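The sequence and the structure come first.

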Amino acid sequence: MSKLRIAVINWWDEPDNKANNWFVEYMKANFDNIECVNPGDSRTDILFASVFGKRERVESCPARVKVLFSGESWTNKTYSQYKSEYIENHYDLILHFDETDESRKRQRFPLWLLYVPKYNMNDASDNLITYVNEMRSMNMNNEKSIFGSCIARHDPTGMRKKVSDEINKYGKMEYVGKWRNGNKPKIGPLRKDKLEYLSGVIYSVCVESHFDSHYCSEKIFEAFMGGTIPIYWSKDILAEKSILKRDSYCIYDEFEITEMMKDNEKYKMEDIFTKNAYNVLRCEYYDKLKSNLIKLLREKGFSGGL
């Protein structure tokens, strides 16, 4: 069987240098005979690229299929070079929080998927849903000594201040990220450091950085896994409504917050996912990505078994 050679480029630096690239692990879990090669290797079948590096590096790398992943907002000036026309001309598949649109080479693939070390939905008893629920249950039962917290690097919309100040009316809020700490975080840089801290928190303020439709970052999922009750704000108001039960989190609404502070038991449900979440995750994310990659590889002349 022919090897399927993959490479990654322009990725963000992981604080944990032992962490493997999520897409490398995804490929190993869903395809046979994967070989990782360096970017620029002429034998590369799939090049997974992100936006943390010069785009010319990607242009110069040979590959049958080029995939762009970004969890960032295109309205962010830092990524203004990634205009729609450019990315559609230079990439075969664009993974982003935008809605899926095959005519524009786009598949919706939000950033939070990469914060859970699960790579398909083939096992109904071991997947993203079971992982998040189990982490949440374990940490929800921890002793809670911190009333509320907002962990962030900055506050570009001003809404983190607004929501945090509202929650602070009911109990003391803490800030352990760079925001409101003079750019000096009080917890370690690893994801496990954040989850360990959150396990002692009752309420976690989860405010999205950008005012974009369909934008949902890892924040609410980390809040769930940390065993907190998320208080959420975004342009869409609700977070991943086809996947997350509405009563599993509180939105930024003064009446709802007031009622939650009187009685928060309903937010401590064992299963935060909707009845259809398994099918949505499997069909629209994991399996769709696999089928898109297979289709592109065949169109580009890959002759090995898939």
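Y91 counts as buried, at 1% relative accessibility; buried means under 20% relative accessible area, exposed over 50% and partly exposed in between, with a 1.4 Å probe and protein chains only. The model is predicted: local features need pLDDT of at least 70 and side-chain atom pairs count only at pLDDT 80 or more, while totals for chains, interfaces and linings use all residues. Residues are numbered from 1 along each chain as its sequence is written, and side-chain values use heavy atoms, with hydrogens and water left out.

- Y91 sits in the loop between α3 (84-90) and β5; helices (H or I, at least four residues) and strands (E, at least two) are DSSP runs, numbered from the N terminus.
- Not counting residues up to four places away in sequence, Y91 touches A49, V58, K66, V67, L68, Y82, Y86 and K105, where contact means heavy atoms within 4.5 Å.
- One of these contacts, K66, is 25 residues from Y91 along the chain, and their C-alpha atoms are separated by 5.1 Å.
- F211, in contrast, is exposed, with a relative accessible area of 51%.
- The loop that holds F211 runs between β9 (201-207) and α7 (219-225).
- F211 touches W233 and K235, again leaving out residues up to four places away in sequence.

**The six-stranded sheet**

- An open sheet of 6 strands has the order β2-β1-β3-β4-β5-β6, with parallel pairing; two strands pair if DSSP finds at least two bridges between them.
- At its edges are β2 (34-36) and β6 (106-108), each of which pairs on one side only.
- On average, neighbouring strands of this sheet are turned by 25 degrees against each other, direction ignored; axes are lines fitted to C-alpha atoms, for helices over the stretch in contact, and angles run from 0 to 180 degrees between N-to-C directions.
- β1 and β3 run parallel and are joined by 4 bridges, and I9 has A49 in β3 as its bridge partner.
- Between β3 and β4 there are also bridges, 4 in number and in the parallel sense; F48 stands opposite V67 in β4.
- Strand β3 is covered on both faces, with I46 and F48 buried on one side and L47 and A49 buried on the other.
- Strand β4 (residues 65-69) is joined by 3 bridges to strand β5 (residues 93-96), and the two run parallel.
- Opposite F69 stands L95 in β5.
- Helix α9 (residues 277-299) lies across β1 (4-9), β3 (46-49), β4, β5 and β6, and runs at about 160 degrees to β6.

**The five-stranded sheet**

- The order β8-β7-β9-β10-β11 describes an open sheet of 5 strands with parallel pairing.
- Its edge strands, β8 (173-174) and β11 (250-251), each pair on one side only.
- Helix α5 (residues 159-167) packs on the sheet and touches β7, β8, β9 and β10, its direction making about 155 degrees with that of β9.
- Helix α6 (residues 191-198) lies across β7, β8 and β9, at about 130 degrees to β9.
- Strand β7 (residues 146-149) pairs with β8 in the parallel sense over 2 bridges, and S149 stands opposite E174 in β8.
- β9 and β10 pair over 5 bridges, also in the parallel sense; V205 has I231 in β10 as its bridge partner.
- Strand β10 (residues 229-233) is largely enclosed by the rest of the structure, because 5 of its 5 residues are buried.
- From β10, I229, I231 and W233 point one way and P230 and Y232 the other way.
- In a regular strand the side chains alternate between the two faces of the sheet.

**The second largest pocket**

- The second largest pocket holds about 400 Å³ of space; the volume is the space filled by probe spheres set on grid points, which are joined across faces, edges and corners.
- On a 1 Å grid over the protein atoms alone, a pocket is an open set of points where a 1.4 Å probe fits, with protein on both sides within 12 Å along at least five of seven lines, and lining residues have an atom within 4 Å of a point.
- Of the 17 residues lining this pocket, R108, H214, E240, K241 and S242 lie nearest its centre.
- Helix α9 gives the most to this lining, with 3 residues.
- The lining has 6 nonpolar, 4 polar and 7 charged residues; Ala, Val, Leu, Ile, Met, Phe, Trp, Tyr, Cys and Pro count as nonpolar, Asp, Glu, Lys and Arg as charged, and the others, Gly among them, as polar.
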